[in-house]
Amino acid sequence: MSVRVVLLSHSADVARGVADLAGQMASTATVVPVGGTADGRLGTDADALEVAVEAALDAGDEVAVLVDLGSAVLTARTVLADLPDGAAVALVDAPFVEGAVAAVVTASTGAGLAEVVAQAELARDLRKG
């Protein structure tokens, strides 16, 4: 079992860009970008997130979900609330870019979901100045 990192963004370009960045730092991890609406506008797509999470669970993976902005949290919470009890999925409270990189790098080491989440959440405290 491995941890798949799902990135939910209001923008397809942002989701793909962050997935590309994180994926280049840890090519053995699976990163799934989910961005924008089904018709290509800015926004979040609950159905696309559900498909990404269920595909990971069906493959036997655990899932760490990172989101970019506040309303994406609502979308993620709604989707995750409909999962069966005990599903190995976590909504990660971390900055989108830094948290994604930390999550993907940690997942690439074979760490479990709890460690991936913990490392991503540490990114909240990274000082840049």
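Me: Let's begin with Arg 4: is it buried or exposed?

Reply: This is a predicted model, in which local features need pLDDT of at least 70 and side-chain atom pairs count only at pLDDT 80 or more, while totals for chains, interfaces and linings use all residues. Residues are numbered from 1 along each chain as its sequence is written, and side-chain values use heavy atoms, with hydrogens and water left out. Buried means under 20% relative accessible area, exposed over 50%, and partly exposed in between (1.4 Å probe, protein chains only). Arg 4 has a relative accessible area of 15%, so the word for Arg 4 is buried.

Me: And which strand holds Arg 4?

Reply: Helices (H or I, at least four residues) and strands (E, at least two) are DSSP runs, numbered from the N terminus. Arg 4 falls within residues 3-9, and that run is strand E1.

Me: Which residue forms a salt bridge with Arg 4?

Reply: A salt bridge is a side-chain nitrogen of Lys or Arg within 4 Å of a carboxyl oxygen of Asp or Glu. Here the closest N and O atoms are 2.8 Å apart, and the partner of Arg 4 is Asp 61.

Me: How many residues apart in sequence are the parts that this pair, Asp 61 and Arg 4, ties together?

Reply: Both Asp 61 and Arg 4 are buried. Asp 61 sits in the loop between helix H2 (46-58) and E3, whereas Arg 4 is in strand E1, so the parts they tie together are apart in sequence by 57 residues.

Me: How many salt bridges does the structure hold?

Reply: Another of them joins the side chains of Arg 16 and Asp 13, at 2.4 Å from N to O. Those two are three residues apart in helix H1, which means about one helical turn separates them. Counted over the structure, the salt bridges come to five.

Me: Lys 128 forms a salt bridge with which residue?

Reply: Lys 128 is exposed, at 71% relative accessible area. Its salt bridge has closest N and O atoms 2.3 Å apart, and the partner is Glu 98.

Me: Where does Glu 98 lie?

Reply: Glu 98 counts as partly exposed, at 24% relative accessibility. Lys 128 lies in the segment after H5, so the pair ties together parts 30 residues apart in sequence, with Glu 98 in helix H4.

Me: Last one: which backbone nitrogen does the side chain of Ser 11 reach?

Reply: Ser 11 lies in the loop between E1 and H1. Its relative accessible area is 15%, so Ser 11 is buried. The side chain of Ser 11 comes to 3.2 Å from the backbone nitrogen of Asp 13.

Key:
Polar contact = N/O pair within 3.5 Å; in protein donor to acceptor, adjacent residues only side chain to side chain.
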